[in-house]
2 protein chains.
Amino acid sequence: MTLRGKHLDIAASSAVNGRAPAAKAATIRDVAERAKVSVASVSRVLNGSDAITETTRQRVLDAVAHLHYVPHVGARSLSTSRTDTIGVILPDLYGEFFSELIRGMDLAARAHGKHLIVSSSHGDTEETMAALRSMRGRVDGMIVLSPHVRAANLAADVAGRTPVLVMNGGLDEGGRPAIAVDNHGGAVAAVEHLIATGRRRIAHIRGAAGNLEADIRAEGYASALAGQDPIIVEGDFTQAAGHRAATQLMALDQRPDAVFAANDMMALGALLAFQEAGVRCPEDVAVVGFDDVPLAALVRPTLTTLRVNIAEMGRRGVERLIGLVQAGANADLDSACEIVRPVLVVRQSTAAAATAGSNPDQTAASLS
Amino acid sequence: MTLRGKHLDIAASSAVNGRAPAAKAATIRDVAERAKVSVASVSRVLNGSDAITETTRQRVLDAVAHLHYVPHVGARSLSTSRTDTIGVILPDLYGEFFSELIRGMDLAARAHGKHLIVSSSHGDTEETMAALRSMRGRVDGMIVLSPHVRAANLAADVAGRTPVLVMNGGLDEGGRPAIAVDNHGGAVAAVEHLIATGRRRIAHIRGAAGNLEADIRAEGYASALAGQDPIIVEGDFTQAAGHRAATQLMALDQRPDAVFAANDMMALGALLAFQEAGVRCPEDVAVVGFDDVPLAALVRPTLTTLRVNIAEMGRRGVERLIGLVQAGANADLDSACEIVRPVLVVRQSTAAAATAGSNPDQTAASLS
DNA sequence: TAACCTGATGTAATCGGTTACATGACACAG
DNA sequence: CTGTGTCATGTAACCGATTACATCAGGTTA
């Protein structure tokens, strides 16, 4: 008894509901019909691919405008097997690093007509993989940021034939496409700068163990100490951890006269802890961070740090990935690990000390 | 002479390239074949919709696992006309506000099995609309953040039948779904707090003219002044603008004893300018910000500000939008503008002054 | 004038899912 | 033993684009 043929149904509903015409969106066939051409011509006009008479083009464009036609992305991706979308998987990342990175990526993506799907807040490797799986097929390629060592290799497996660019700071041994910050070099530069400005007891506030970047920066720190015994306190990249670590350092018998924190947020926490305790920076203790988040130039004293051009790195990542996608099957062409070298930015927090180490009356002659 | 039938071609290529089998990805039909069931059954198992024998389910799942099968998103969206993706369009926004918002949105999206397409860095209304158009058809709904007045209405038009949730801080007159911060109320609270702590010459550093939030906050400021003439300096929400503005304020004949900045970054800039000029905060001048970015608690003096739970607002936005999408045609059900009320967080930057305005000996008796 | 080329346009197969409807197996009532 | 209802499963139409190939008009050349 029910007469609901598909077309009948639609006709009825649009007749009833005069206000908000819930008629289905126009398809390429509707456009073709209205423009009195074939669907092929419409497609050609819209993709700018083939030879088309100016008359036809105009007729099609008019129809498109009149019907508010928007191509169905799913249908297109079904026949072309492209999505023009790239996925970004981020760790549970707070603060400005994240937003700067996305800004850079978005800029590059837009320049290439790609869209960006982001998925953040992935604490452990398992969550990261889940996000990766759920993105598969939805994107032409993915950028994975994960500080966990195993993540990179797993990612490539899970992704199947979807190209993956790894940005996890570790120099990947697998020969996968990657972009990494030269964490070791950066740490060495920080320590050498401290030594050059007369510091003698240099401590390190490191990131959580198991975090690739944290490990490498700590290693760089240790290797650059000229004979001095390492003094390492563990943190987790948060400002609070920096605060705690600095408190521990102040309780030591021989207080360090310099601190290299594994990132800016911890450096800032340390700075505040010193300030609260009446320990002056840079006079009593110098502080160096890592990343150069915008904040580093805003605190007092301004923070010496290792500048990583975050947005630029994001931009570069997207462009690499687009290259990988285009290369397709012969992606082997580009499997290098690109290195980003951080640059030391010297600010107030490491001005040469009036007193170095336990010599209270030695003045800082090196400052003009 | 060319014998390249489709299947032949594939067979050849996978035979040649033994290492990376570039065979096409498995389809639902491959899975059906391997599991010895029909595609319908496979689909049913994967969507958990219908009644399925446990045996069949297992066979299907095994085949899926073995073939690394991932449903083709485009094909699915073609037949269901859903994308399970929501779009977020952001203005050219720096700093922590952005990242916090995305964090909140991502959390909510993930909880509902949705994906997030973001597009940031849209300076003017035209760019915003372009982003919106290019996202159309790719998402089930969109969240538009734009401080420009016209954007909201335009957005709804351009979007066609795609649901749009506006988050631009202005109380929208059009009765569109929206979430807005109570900028007016927040500004009033800031000024009243300053008055209550004994300040008598309260200046305002506002955001750029034409920016909806800036306008409303300035209006709230003006309306809360108890008789005092308004002192307004224009900024643009950046830290540098706050610095400049504070410099201007210090050059006035009668220096203000309090500053309400339209956001935290400008408040911070002002704080630094005062500090550099030897003007003490809070003794000589009190400062209030807006947003409560994490940074506000990290500077010294810590910054009194109006807390907006940014991540929570993002979460809420996504949930509203998902509701709108589900409501579909009868989206009229929910067209309210939801208000987020900021909460005053009192910190060091507004500690009661020893001297208030031009009455040096009047103490702030009104505080308990 | 026939043969042939060229460039614009149309026809229809195809991509990989979902799902309405058809089918078939089986149990149980009459 | 037949009729009927239930439940699992299969068949095939459909979603809306792209694109290989067919077609066709018109001009050129021999």
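**Ground rules.** I number residues from 1 along each chain as its sequence is written, and I letter chains from A and number ligands from 1 in the order in which they are written. Since the model is predicted, local features need pLDDT of at least 70 and side-chain atom pairs count only at pLDDT 80 or more, while totals for chains, interfaces and linings use all residues; side-chain values use heavy atoms, with hydrogens and water left out.

**Chain A as a whole.** I looked up the secondary structure of chain A and found 13 helices and twelve strands, where helices (H or I, at least four residues) and strands (E, at least two) are DSSP runs numbered from the N terminus. Of the 368 residues of chain A, 49% count as buried; buried means under 20% relative accessible area, exposed over 50% and partly exposed in between, with a 1.4 Å probe and protein chains only. I also noted that, among the contacts in chain A with a separation of 6 or more, 69% come from residues 24 or more positions apart, a contact being heavy atoms within 4.5 Å.

**Salt bridges.** Side chains of opposite charge can pair when their charged atoms come close. I counted such pairs as salt bridges when a side-chain nitrogen of Lys or Arg lies within 4 Å of a carboxyl oxygen of Asp or Glu, and over all chains the structure holds 34 of them.

My entry for A:Arg307 is a salt bridge with A:Asp292, in which the closest N and O atoms are 2.7 Å apart. This pair links distant parts of the chain, with A:Arg307 in strand β10 (residues 305-307) of chain A and A:Asp292 in the loop between β9 (286-288) and β10, 15 residues apart. A:Arg307 is partly exposed at 40% relative accessibility, whereas A:Asp292 is buried at 13%.

I then turned to A:Arg320 and A:Glu338, whose side chains meet in a salt bridge at 2.8 Å, N to O. A:Arg320 belongs to helix α13 (residues 310-327) of chain A and A:Glu338 to strand β11 (residues 337-340) of chain A, so the pair ties together parts that are 18 residues apart in sequence. Here A:Arg320 counts as buried, at 6% relative accessibility, and A:Glu338 as partly exposed, at 24%.

In chain B I looked up B:Arg57, which forms a salt bridge with B:Glu54, the closest N and O atoms being 3.6 Å apart. Both residues lie in helix α4 (residues 54-67) of chain B, three residues apart, about one turn of the helix. B:Arg57 is partly exposed with a relative accessible area of 24%, and B:Glu54 is partly exposed at 48%.

I also recorded a network of salt bridges that links A:Arg82, A:Asp84 and A:Lys114.

**Helix packing.** Two packed helices are described by the angle between their axes and the distance between the axes. The axes are lines fitted to C-alpha atoms, for helices over the stretch in contact, and angles run from 0 to 180 degrees between N-to-C directions.

In chain B, helix α3 (residues 39-47) packs against α4(B) at an angle of about 90°, with their axes 10 Å apart. That makes α3(B) roughly perpendicular to α4(B), given that angles under 35 degrees count as roughly parallel, over 145 as roughly antiparallel, 65 to 115 as roughly perpendicular and the rest as oblique. The contact is made by residues including B:Val42 and B:Leu46 of α3(B) and B:Arg57 and B:Val60 of α4(B).

In chain A, helix α9 (residues 183-196) and helix α10 (residues 212-224) pack at an angle of about 40°, with their axes 7 Å apart, and α9(A) and α10(A) are therefore oblique to each other.

**Two buried residues with partners in the other chain.** I placed B:Ser77 in helix α5 (residues 73-80) of chain B, where B:Ser77 is buried at 5% relative accessibility. Leaving aside neighbours within four places in sequence, B:Ser77 is in contact with A:His72, A:Gly74, B:Arg82 and B:Thr83.

My last entry is A:Leu298, in the loop between β9 and β10 of chain A, which counts as buried at 9% relative accessibility. With neighbours within four places in sequence again left aside, A:Leu298 is in contact with B:Gln239, B:Met265, B:Leu268 and B:Leu272.
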